[in-house]
Amino acid sequence: MNCSEELRRFVELTGIPVATSLMGLGVFPCTDDLSLRMLGMHGTIQGNYAVDRSDLLLAFGVRFDDQGKIEALAKNAKIVHIDIDPAEIGKNKKPHLSICTDVKLASEGINRILEKNGAKQQPTTEKEIPMSNIVVSSAWRKEIDEPNEKYPQSYRTFGEAIPPQYAIQLLDELTNGDAIICTGVGQYQMWAGQYYKHKNPRHRLSSSGLGAMGFGLPAAMGAALAKPGAIVIDVDGDGSFLMNIQELATIRVENLPVKIMVFNNQHLGMVYQYEYEYGDGNSMHSYMGNPSDQDKVFPDFLMFAKACNIPAARVTKKGELREAIEMLKTPGAYLLDVMVPQEAQVLQLIPDGGTFKDAITGADR
C-alpha cells in the first residue's frame with residue numbers, strides 16, 4: 001500500500017514508461033511524459049502497444065484482468081510479477097519471476113539497489129542509457145510514442161449536444177486533476193478513466209472488478225468524511241445513481257460537500273452500446289425513461305435533489321457546460337444533471353477475445 005512515492009522514484013532512476021490499470025490511476029501522474037495512461041480493454045493504444053512489444057514487463061500489484069486475449073499479452077516479454085496476494089500470482093498470466101510481498105517494500109528494495117549501483121535520473125539526450133542492468137533506449141521511447149500520434153484518443157461529437165468525454169476533459173481542467181473521483185459502473189466509469197488525468201494516488205474510487213452499480217455515491221460520501229476540504233465528485237450514470245439516490249437525504253443531514261455529476265442518457269449506456277452496436281439490436285429494457293412520455297427527462301433527478309434541499313441544475317448544451325461545472329465553487333453538496341447522447345460510446349475498445357491490434361478506436365465511430 002501507499003507505494004506511489006517509491007514507484008515515482010523507481011521511474012526517475014530507470015526511465016521506464018508506466019501504464020496503469022483502472023484501479024492504479026493516480027499512483028503515477030497521468031500528466032508525466034513517461035505515463036502511458038490506462039491499459040486494458042478500454043485503455044490507450046499506446047499503453048497496450050507498449051505492453052505487447054515489451055521484452056521486460058514489470059507487473060506491480062496487478063491481476064492481468066480485462067486484457068482481451070490474455071495468452072497473447074506480452075508474449076515476447078519476460079514477466080516479473082510482484083503482488084501481496086499469492087492467489088493472484090500466476091492465476092491469469094504465468095510470470096517468469098514472482099515475488100509475493102508488499103509492492104512498497106519491493107520498490108524500496110529495488111530502489112536501494114539501483115541507487116547503490118549508481119543509477120540516476122535519465123538524461124534525455126543520450127541514445128542509450130544504461131542503468132544498472134536496465135537499458136531504456138530512445139528508439140524504444142520513439143516506437144511507443146508512434147501509436148499515440150497515429151491513434152490519439154478521440155470521440156464523436158453531436159452538434160450542440162454534450163459529448164460525455166468532453167465533459168470529463170472539462171472537469172479535469174477545472175479541478176486541475178486534483179479531485180477525488182468516485183464512480184459506479186458503466187460507460188462514464190470508463191470515460192472518467194480515459195479522460196481524467198489523475199495526478200495523485202488514492203484519488204480514484206471505483207468498485208472495478210466487483211462491477212457494483214450504485215457504488216459511486218456512497219463512496220463519495222465516505223471520501224468526503226475521510227478527506228475534509230478535498231474536492232470529492234461522484235461521476236455517475238442515471239442507472240447507477242438511481243440505485244442509491246436515497247443517500248441524498250444522508251448527504252443533506254450530514255452536510256457532506258459531495259458534488260454529483262450525473263451523465264444522463266436515459267439508458268443503461270453500456271448495455272445499450274453492446275445491444276445496438278455489437279449485438280443484434282434486441283433491447284433488454286436498457287431504456288430508463290418513461291416510454292409513454294419520451295420527450296421528458298424521467299426520472300427527474302432535480303426533483304429528488306429539491307426534496308432533500310440540495311442545489312441542482314440540468315445542462316443540455318455543450319456551450320453551457322463550463323459555466324454549469326462551476327458547481328464546484330458552490331459550498332456544500334450539489335447535483336449536476338448532464339444530458340448526453342445515448343449514441344456516445346466507450347472507445348477505444350478491445351473486443352472480447354481480441355488484442356489491441358483489433359481495437360475499435362474513436363475514429364471508427
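This note discusses selected strands, helices and side-chain pairs of the structure above.

1. Basis of the note. The model is predicted: local features need pLDDT of at least 70, side-chain atom pairs count only at pLDDT 80 or more, and totals for chains, interfaces and linings use all residues. Residues are numbered from 1 along each chain as its sequence is written, and side-chain values use heavy atoms, with hydrogens and water left out.

2. A three-stranded sheet. Helices (H or I, at least four residues) and strands (E, at least two) are taken as DSSP runs and numbered from the N terminus. Two strands are said to pair if DSSP finds at least two bridges between them. On this basis there is an open sheet of three strands, in the order β3-β4-β5, with parallel pairing. Its edge strands, each pairing on one side only, are β3 (56-60) and β5 (97-100). The twist averages 10 degrees from one strand to the next; axes here are lines fitted to C-alpha atoms, for helices over the stretch in contact, and angles run from 0 to 180 degrees between N-to-C directions. Five bridges link β3 to β4 (residues 78-83) in the parallel sense, and Ala59 has His81 of β4 as its bridge partner.

3. Aromatic pairs. Rings of Phe, Tyr and Trp (its six-membered ring) pair if their centres lie within 6.5 Å; planes under 30 degrees apart count as stacked, over 60 as edge-to-face and the rest as tilted. The count by this rule is three aromatic pairs. One of them is the tilted pair of Phe10 and Phe60, with 6.0 Å centre to centre and 55 degrees between the planes. Phe10 belongs to helix α1 (residues 4-14) and Phe60 to strand β3, so this pair ties together parts that are 50 residues apart in sequence. Phe10 counts as buried, at 6% relative accessibility; buried means under 20% relative accessible area, exposed over 50%, and partly exposed in between (1.4 Å probe, protein chains only).

4. An edge-to-face pair. Phe241 and Phe301 form an edge-to-face pair, at 5.1 Å centre to centre and 85 degrees between the planes. Because Phe241 lies in helix α8 (residues 238-243) and Phe301 in helix α11 (residues 301-307), the pair ties together parts that are 60 residues apart in sequence. Phe241 is buried at 1% relative accessibility, and Phe301 is buried with a relative accessible area of 0%.

5. Strand β10. Are the residues of β10 (residues 232-237) mostly covered or uncovered? The strand is mostly covered, with six of its six residues buried. Val232, Asp234 and Asp236 point one way, whereas Ile233, Val235 and Gly237 point the other way. Strand β8 (residues 180-183) pairs with β10 in the parallel sense over four bridges, one link being that of Ile180 with Val232. Strand β11 (residues 258-264) also runs parallel to β10, joined by six bridges; here Val232 stands opposite Val258.

6. Helix α5. The twelve residues of α5 (residues 164-175) should span 16 Å at 1.5 Å a residue, and the end C-alpha atoms are 17 Å apart, which agrees. The expected span is 1.5 Å times one less than the number of residues. Nine of the twelve residues are buried, among them Tyr166, Leu170 and Leu171. What covers the buried residues includes β8, α6 (187-195), β10, β11 and α12 (321-324), where contact means heavy atoms within 4.5 Å. After the helix comes Asn176, whose phi is positive, near 55 degrees.
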